[in-house]
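I opened my notebook and looked up a handful of places in this structure. My entries follow, one topic at a time.

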Amino acid sequence: MLATLSLLGVLGVPIGLERATAQESISLRVTVWTGNKAHLDLFNGIAEAYTKAHPTVTVAFDTLPFENYTTTLTTQIAGGNAPDLAWIFENSAPDFVNSGALLPLTEILKSTPNYDVGDIAPSALALWQRKGEVFAYPFSTSPFGVFVNNDLIQKSGQKSAGEMLSSGSWTWDKLIEAARIVNAKTGKAGLVVRDFDYKGWDNLATIWGGWNARPWSEDGKTCGFDKPEMAQAMSFIHKAVFNDKAMPEPGTAADFFAGDAAMTITQISRASLLPKDGFSWDLLPLPAGPSGSYAVIGQAGIGVFKNGKHPEEAARFLAFMTNPENSEKLAQFFPPARQKLLKTDVLAKTNPLLKPEQIERVVIKGIATGEVKPSHTGFAQIQQLVRAGLDQIWKPDADIKAGLTAICGRIAPLLAR
């Protein structure tokens with residue numbers, strides 16, 4: 001993907017040519033990964049408000065499948081069909097930011113009346129900047145938490161996860177034991193790491209963090225899969241899957257939001273999937289591991305493509321979509337980068353599904369202390385090599401240490417580039 005994006009950097013078109021006449025009709029296309037109705041209704045409401053103020057402009061949100069979102073997006077760009085704006089995942093942020101394909105946004109945002117650029121947390125911008133220039137807005141800075149089906153926990157005769165948390169015993173050992181018991185007594189799945197499915201391995205950072213394990217060093221140059229912390233974390237996961245039956249095995253699907261699992265690790269944007277008249281649920285922070293408490297953040301940015309049809313108008317819409325007023329609306333599902341909005345009373349107004357204590361302990365504390373999921377230049381290639389290496393580990397009799405060492409052998413040359 002890096003090579004593809006590097007080529008895109010020379011495909012930019014002159015900005016400012018899209019308004020040939022005052023009456024010209026402009027249609028903006030924004031690619032997103034979500035097809036959730038509640039999310040799209042929110043986006044479309046903001047777009048309609050923009051069209052009302054700019055009658056010649058319409059905005060359409062184009063949902064691309066989550067599983068191959070980035071691949072589909074880069075294929076569109078390379079094929080000359082770039083969207084005007086796109087949602088960009090954190091794992092591919094370095095590729096997009098360094099590619100030259102994105103329109104610089106700093107001056108546009110600063111010049112927008114009442115935008116208040118200074119309110120955006122510098123830490124939230126870090127992944128989306130290069131040499132002081134902002135190339136995408138950190139649209140969602142969302143900590144991972146554990147959604148819990150209280151009914152399944154109770155049905156299996158256990159103390160609730162909330163009681164474990166309040167008693168100070170909310171640990172990975174306790175969580176997996178609770179998940180094991182649910183599976184043994186109800187036949188339902190224990191714990192599901194959403195969007196993992198033995199493919200999206202970077203989502204396992206939500207577990208690795210409890211062992212202070214990382215796929216590579218902070219500077220991205222040294223492989224971390226062969227380190228003791230990673231071996232311990234992966235051995236724990238392997239045992240939870242194949243020995244404890246606390247997590248579904250490869251090839252087995254279970255949807256927490258359909259009532260098929262006791263717990264799932266995901267972000268608050270998925271709260272919209274909770275059934276209105278379904279089970280009793282709770283939202284807890286990630287449990288403590290051997291290295292203590294921690295938090296993991298998934299982050300997404302929205303960028304404007306130089307070689308889109310209307311880059312200047314797209315940038316204006318981005319500034320409108322992410323202004324203070326609309327950021328507060330979006331906070332219902334996507335925790336904001338704006339510091340003035342990161343308050344329990346503010347977020348409680350826009351997140352009616354969540355209790356104030358859930359917002360405080362998962363969202364606000366998570367944003368303050370969390371680390372962003374793994375990202376790296378050339379991530380698409382690295383991702384495939386790691387996935388292929390992990391396929392050898394997702395077997396009952398796997399040699400985990402040897403498998404992890406082999407992964408480092410595969411990706412070390414890419415990390416060192």
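**Entry: His238**

I started with His238, which lies in helix H11. I then listed what His238 touches, leaving out residues up to four places away in sequence. The list reads Asn243, Ile393, Lys395, Pro396, Ala398 and Ile400. I noted that the model is predicted, and I keep that in mind for every entry.

**Entry: the disulfide**

Next I looked for disulfides. How many disulfides does the count come to? The count comes to 1. I found that this bond joins Cys223 to Cys408, with 2.1 Å from S to S. Cys223 lies in the loop between helix H10 (205-208) and helix H11 (228-242), and Cys408 lies in helix H17 (residues 400-415), so the pair ties together parts that are 185 residues apart in sequence. The angle about the S-S bond is -80 degrees, and the link of Cys223 and Cys408 is left-handed. Both Cys223 and Cys408 are buried.

**Entry: helix H12**

I turned to helix H12, residues 311-321. Why is H12 called largely enclosed by the rest of the structure? I counted its buried residues: they are 8 of the 11, so the helix is largely enclosed. The buried ones are Pro311, Glu313, Ala314, Ala315, Phe317, Leu318, Ala319 and Met321.

I picked out Glu313, which lies in H12. Its relative accessibility is 0%, so Glu313 counts as buried. Which side chain does the side chain of Glu313 join in a polar contact? I found Tyr50, at 2.4 Å.

**Entry: cavities**

I moved on to empty space. Rolling a probe the size of a water molecule over the atoms shows where empty space is left. A search of the whole structure gave me 2 cavities of 30 Å³ or more.

The largest cavity has a volume of about 60 Å³. I listed its lining: Ile268, Ala271, Gln332, Phe333, Thr350, Asn351, Pro352, Leu353 and Leu354. By class, that lining has 6 nonpolar residues, 3 polar residues and no charged ones.

The second largest cavity holds about 40 Å³ of space. Its lining is Tyr137, Pro138, Phe139, Thr322, Ser327, Leu330, Phe334, Pro336 and Ala337. S6 gives the most, with 3 residues. I sorted this lining by class into 7 nonpolar, 2 polar and no charged residues.

**Entry: a pocket**

I then looked up the second largest pocket. Its volume is about 850 Å³. I found 35 residues in its lining, and those nearest its centre are Arg214, Gly370, Glu371, Val372 and Lys373. Which element gives the most to this lining? Strand S10 does, with 3 residues. Elements that each supply at least two lining residues include helix H6 (122-125), helix H15 (356-369) and strand S11 (371-372). By class, the lining of this pocket has 19 nonpolar, 12 polar and 4 charged residues.

**Entry: positive phi**

I checked backbone angles too. Most residues other than glycine have a negative phi, and most peptide bonds are trans. I noted two residues with a positive value.

Asp197 has a phi near 45 degrees. I located Asp197 in the loop between strand S7 (189-193) and H10. Asp197 is partly exposed, with a relative accessible area of 45%.

Lys245 has a positive phi of about 60 degrees, although it is not a glycine. I located Lys245 in the loop between H11 and strand S8 (261-267). Lys245 is partly exposed, with a relative accessible area of 37%.

**Entry: Pro65**

I finished with Pro65, in the loop between strand S2 (57-63) and helix H3 (69-78). Pro65 is partly exposed, at 43% relative accessible area. What distance separates the C-alpha atoms of Pro65 and Trp33? I wrote down 5.9 Å, for residues 32 apart along the chain.

Methods: Residues are numbered from 1 along each chain as its sequence is written. This is a predicted model: local features need pLDDT of at least 70, side-chain atom pairs count only at pLDDT 80 or more; totals for chains, interfaces and linings use all residues. Side-chain values use heavy atoms; hydrogens and water are left out. Buried means under 20% relative accessible area, exposed over 50%, partly exposed in between (1.4 Å probe, protein chains only). Helices (H or I, at least four residues) and strands (E, at least two) are DSSP runs, numbered from the N terminus. On a 1 Å grid over the protein atoms alone, a cavity is a set of points where a 1.4 Å probe fits but cannot get out, and a pocket is an open set with protein on both sides within 12 Å along at least five of seven lines; lining residues have an atom within 4 Å of a point. Grid points are joined across faces, edges and corners, and a volume is the space filled by probe spheres set on the points. Ala, Val, Leu, Ile, Met, Phe, Trp, Tyr, Cys and Pro count as nonpolar, Asp, Glu, Lys and Arg as charged, and the others, Gly among them, as polar. A polar contact is a pair of N or O atoms within 3.5 Å; within protein, one must be able to donate a hydrogen and the other to accept it, and residues adjacent in sequence count only if both atoms are side-chain atoms. A disulfide is a pair of cysteine sulfur atoms within 2.5 Å. Contact means heavy atoms within 4.5 Å.
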